[in-house]
Amino acid sequence: MARRSADELRKMREAGRVVAEMHERIRAAVRPGVTTAQLDAVGRDVISRRGATSNFLGYHGFPAVICASPNDVIVHGIPGSIILDEGDIISIDCGAVVDGWHGDAAFTMGVGEISSEAQRLIDVTEASLHAGIAAMVSGNHIGDIGAAVQHVVEAAGYSVVQEYVGHGIGRAMHESPEVPNYGRPGTGGKLHSGMTLAVEPMVNLGTAETFLTEDGWTVVTADQALSAHFEHTIAITDHGPEILTRL
Ligand code: MG
Ligand code: MG
């Protein structure tokens with residue numbers, strides 16, 4: 001991957017800020033009784049107010065600006081008439097484009113009161129993302145990121161999804177290299193300052209096995225156990241990793 005210039009990083013920070021604002025507004029809108037289509041509308045409102053565009057809407061025909069993935073849905077749930085209930089968990093993944101530069105990030109949260117088991121899954125998944133980010137240091141390798149994520153997840157007794165991975169990001173939402181959420185330290189491509197990557201652990205309470213449903217998008221856990229997803233877009237800088245998708 002080419003080294004991003006200071007001006008390119010500035011634009012990616014702006015795209016990241018729009019994504020972070022979508023997250024903030026959607027988090028505030030999640031409550032029992034809300035539909036996932038209503039959460040998508042909140043995301044659309046932020047994008048239009050900020051004069052950004054969506055990199056999700058129309059992506060291979062995807063019909064919305066967010067992916068909304070409740071409970072056993074791992075990723076790529078399509079927003080619609082599904083009503084969130086007290087005790088559910090919901091993963092929201094969304095992105096934005098500013099001046100041709102992309103941001104992409106995801107989070108999982110509870111709807112109202114959730115079980116301590118569900119909250120622990122969410123907390124471990126978020127912690128695994130931050131362990132991966134901490135490994136994003138110039139001179140390390142792609143495998144160091146995945147190894148750090150995998151260690152946190154498996155130490156907690158959970159499974160790392162392997163079929164879906166993180167990615168380079170910049171002029172397009174998905175660029176090379178792939179960034180798996182598993183791996184061995186010191187393996188894979190070398191990390192260097194000026195790289196921009198999206199790291200996105202998908203963590204299952206039960207087995208790692210996934211199943212693609214008949215709509216061609218929605219990916220669920222094969223054992224119907226809960227799954228959580230966190231993602232940030234991160235720049236590797238001379239001073240360490242910088243999270244671009246946060247306010
Ligand atoms: Mg992504
Ligand atoms: Mg994403």
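## Cysteines

Cys-67 is buried, at a relative accessible area of 4%; buried means under 20% relative accessible area, exposed over 50% and partly exposed in between, for a 1.4 Å probe and protein chains only. Cys-94 is likewise buried, with a relative accessible area of 0%. The structure holds zero disulfides, a disulfide being a pair of cysteine sulfur atoms within 2.5 Å. Cys-67 takes part in no disulfide, and its nearest cysteine sulfur, that of Cys-94, is 9.0 Å away.

## Basis of the description

This is a predicted model, in which local features need pLDDT of at least 70, side-chain atom pairs count only at pLDDT 80 or more, and totals for chains, interfaces and linings use all residues. Residues are numbered from 1 along each chain as its sequence is written, chains are lettered from A and ligands numbered from 1 in the order in which they are written, and side-chain values use heavy atoms, with hydrogens and water left out.

Donors are N, O and S atoms within 2.8 Å of the metal (3.2 Å for Na, K and Ca); water is not among the atoms, so sites may look incomplete. Asp-104 lies in strand E4 (residues 101–110) and Glu-200 in the loop between strand E8 (196–199) and strand E9 (202–204), so the pair ties together parts that are 96 residues apart in sequence. Helices (H or I, at least four residues) and strands (E, at least two) are DSSP runs, numbered from the N terminus. Asp-104 is buried at 2% relative accessible area, and Glu-200 is buried at 6% relative accessibility.

Asp-93 in strand E3 (residues 89–98) and Glu-231 in the loop between strand E12 (227–229) and strand E13 (232–237) link parts of the chain 138 residues apart. Both Asp-93 and Glu-231 are buried. Asp-104 bridges the two ions, ligand 2 and ligand 1, which lie 3.2 Å apart.

## Pockets

The largest pocket has a volume of about 420 Å³. On a 1 Å grid over the protein atoms alone, a pocket is an open set of points where a 1.4 Å probe fits, with protein on both sides within 12 Å along at least five of seven lines, and lining residues have an atom within 4 Å of a point. Grid points are joined across faces, edges and corners, and a volume is the space filled by probe spheres set on the points. The lining of the largest pocket has 24 residues, of which Tyr-59, His-76, His-167, His-174 and Glu-200 lie nearest its centre. Strand E7 (175–179) is one of the elements that give two or more residues to this lining, and E7 gives the most, with four residues.

The second largest pocket has a volume of about 230 Å³. Of its 15 lining residues, His-23, Arg-27, His-232, Thr-245 and Arg-246 lie nearest its centre. Helix H1 (6–29), E4 and helix H3 (116–134) each supply at least two residues of this lining, and H1 gives the most, with four.
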